[in-house]
Amino acid sequence: MTPDFINTPAIQDLLDRAAGTGTDGGSTRLKLIMRDLLEGLMALVVKHDISESEVWQAVTFLQQGAGEFGLIMPGVGLEHFLDLYMDAKDAEAGRAGGTPRTIEGPLYVENAPLVDNDADLTSDPDDTGTLYMNGNITGPDGEPVKNAILHVWHANSKGFYSHFDPTREQTPFNNRRRIKLGEDGRYSFRSRMPNGYSVPPGGATDRLMMALGRHGNRPAHVHFFVEAPGYRTLTTQINFGDDPFAADDFAFGTRRGLLPVPNRQGDSAYIAFDFVLQRSVEPADEGFSARTRASA
């Protein structure tokens with residue numbers, strides 16, 4: 001990969017949007033400084049071929065003194081940049097196709113309960129409708145992916161994630177499960193309806209977004225890891241296509257192919273979504289990035 005990758009329209013557009021250069025409000029000086037800072041960091045990634053794991057190890061170091069670095073990373077576009085950079089490297093190596101990757105975000109919790117298919121993700125009462133989601137997991141030739149583990153996590157109807165809920169009202173793994181699938185590659189689960197949310201008011205991310213003239217809102221969405229023997233582990237999420245922030249996600253998590261519109265019936269919603277995995281080339285493909293994650 002050459003340094004010219006930074007000058008491609010997709011990366012330059014990401015820099016303009018992340019720095020808020022096209023928005024009213026905020027500090028003009030800070031926008032210019034932020035854009036140059038982000039471009040310099042992205043250039044370093046390309047120049048030194050910094051891996052995803054190396055980036056997250058640096059974030060862990062910085063986060064010891066700033067608890068919201070894991071949230072600032074998607075907010076300033078750097079986490080989405082890593083996706084674009086890995087996509088470009090895949091294309092250069094002839095590894096195209098499959099469900100698009102997108103940001104993990106900072107709110108995954110390890111060791112969620114391992115349950116059978118057709119699972120209920122929700123443990124706690126929640127005064128909202130039910131989300132039903134199902135589909136198939138296949139490989140690049142349409143073959144069912146056998147014995148996959150589908151990690152699923154999302155917020156509750158107030159926009160809070162268990163383990164990180166400031167109200168402390170949720171049980172540790174509410175709306176979090178690892179679903180053990182069979183040989184047919186089919187998955188199905190239900191849960192109480194998630195809602196979109198904003199970054200913590202008054203926190204470091206919120207203050208930075210305000211200084212850039214940007215908002216800190218995310219649409220309703222559901223996160224996934226998909227892992228299976230012989231296939232590359234997929235990190236992705238679906239955003240509800242009818243959410244008002246689906247086209248303006250502060251974390252740049254929205255990608256083409258990841259915007260299903262729920263079939264809403266009364267207070268319930270139904271989403272059919274299929275995952276397509278790439279085959280692994282080396283053992284590292286089947287693992288996870290060296291990112292520090294919460295545990296409970």
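Reply:

**Strand pairing and its setting**

Strand 2 (residues 114-116) pairs with strand 6 (residues 176-180) in the parallel sense, over three bridges. Two strands are said to pair if DSSP finds at least two bridges between them; helices (H or I, at least four residues) and strands (E, at least two) are DSSP runs, numbered from the N terminus. In strand 6, I179 is the residue opposite V115. The model is predicted: local features need pLDDT of at least 70, side-chain atom pairs count only at pLDDT 80 or more, and totals for chains, interfaces and linings use all residues. Residues are numbered from 1 along each chain as its sequence is written, and side-chain values use heavy atoms, with hydrogens and water left out.

Strand 6 also pairs with strand 5 (residues 149-153), in the antiparallel sense and over five bridges. Here R177 of strand 6 stands opposite V152.

As for the setting, the protein chain has six helices and 15 strands. Its C-alpha atoms fill a box of roughly 50 × 45 × 35 Å, taken along the principal axes. For 296 residues, a compact globule would have a radius of gyration near 19 Å, and the protein chain agrees, with 19 Å. This radius is taken over C-alpha atoms, and the globule rule is 2.2 Å times the number of residues to the power 0.38.
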